[in-house]
Amino acid sequence: MRPSSLPCTVLLALVACGPSSSVDEGLGEVGGLDTSEAGITAFVREGRYREWLAEPAPRRSVRSHGDRVRVFFNDVLARSMAEGNRVHPVGSITVKELFESDGRTARGHALDIKVAEGTGKDTWIFYEGFGPNYDDNYYGRGHDTCHGCHADQGTDYVATPLPR
Ligand code: HEC
């Protein structure tokens, strides 16, 4: 069952819910980004990642995340990937724009944010939210919905190759 099919009051203690949703892992700013759920939602809504290194255009998604996607990498992550690191430093961030199959109509955003040194799912906060309200998001350190695929397909959970 989708969480949105239950009243918010029932779910508040369990999951992110409602437009003022503000689940917070309590890690503050990492890599210049407020890592609370509300902070990440504001960040993607304002498009504050759009100057980052990016894939040239929306492309077909590989086995996940709907039909069309475009991935952005911040400097910290891009440098680490270019160096071929197996483990990325704290402050590494990647943003995935999610589109309808037309490749233009925005659906939402997914993010991985490296919040602790070392390896393992809990070194990342995962976030995925959908517009226009971003009120029913996936959010959390080592989020159960996200970490399995990313552990299998990625290097330190990052699955998309750096654009050339
Ligand atoms: C079914 C497997 C699967 C699940 C579940 C999944 N992902 Fe992904 N994700 C992928 C694959 C494969 C890629 C890279 C291929 C692509 O971009 O098409 C990817 C790419 C991404 C990217 C771009 C950077 C990167 O790591 O490559 C982000 C950000 C992302 N996923 C976030 C999330 C979040 C947040 C969740 C949980 C809400 C999640 N993913 C759940 C398979 C998955």
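## The largest pocket

In this predicted model, the largest pocket is lined by 27 residues. Ser64, His65, Lys96, His150 and Ala159 lie nearest its centre. Two or more lining residues come from each of β5, β6, β7, β8 and α4.

The volume of the largest pocket is about 560 Å³. Its lining consists of 14 nonpolar, 8 polar and 5 charged residues.

## The iron site

Two histidines coordinate the iron atom of the ligand: His65 and His150, each through NE2, at 2.0 Å. The site has 6 donor atoms, and the angles among them run from 87 to 179°, making the site octahedral. For comparison, the ideal angles for six octahedral donors are 90 or 180 degrees.

The two histidines come from distant parts of the chain, 85 residues apart. His65 sits in the loop between β4 and β5, whereas His150 belongs to helix α4, residues 147-153.

Is each histidine buried or partly exposed? Buried means under 20% relative accessible area. His150 has 17%, so His150 is buried. His65 has 23% and is therefore partly exposed.

## Strand β6 and its partners

Strand β6 covers residues 93-99, and 7 of its 7 residues are buried. Ile93, Val95, Glu97 and Phe99 point one way from the strand, while Thr94, Lys96 and Leu98 point the other way.

β6 pairs with β5 in the antiparallel sense over 6 bridges, and Leu98 of β6 stands opposite Val69. β6 also pairs with β7, again antiparallel, over 7 bridges; here Phe99 stands opposite Ala106. β6 and β7 form a hairpin with 6 residues between them. In the turn, Gly103 has a positive phi of about 75°.

Terms used. Residues are numbered from 1 along each chain as its sequence is written. This is a predicted model: local features need pLDDT of at least 70, side-chain atom pairs count only at pLDDT 80 or more; totals for chains, interfaces and linings use all residues. Side-chain values use heavy atoms; hydrogens and water are left out. Donors are N, O and S atoms within 2.8 Å of the metal (3.2 Å for Na, K and Ca); water is not among the atoms, so sites may look incomplete. Four donors count as tetrahedral if all angles lie between 85 and 135 degrees; four count as square planar and six as octahedral if opposite donors are over 155 degrees apart and all others between 65 and 115; anything else is irregular. Helices (H or I, at least four residues) and strands (E, at least two) are DSSP runs, numbered from the N terminus. Buried means under 20% relative accessible area, exposed over 50%, partly exposed in between (1.4 Å probe, protein chains only). On a 1 Å grid over the protein atoms alone, a cavity is a set of points where a 1.4 Å probe fits but cannot get out, and a pocket is an open set with protein on both sides within 12 Å along at least five of seven lines; lining residues have an atom within 4 Å of a point. Grid points are joined across faces, edges and corners, and a volume is the space filled by probe spheres set on the points. Ala, Val, Leu, Ile, Met, Phe, Trp, Tyr, Cys and Pro count as nonpolar, Asp, Glu, Lys and Arg as charged, and the others, Gly among them, as polar. Two strands pair if DSSP finds at least two bridges between them.
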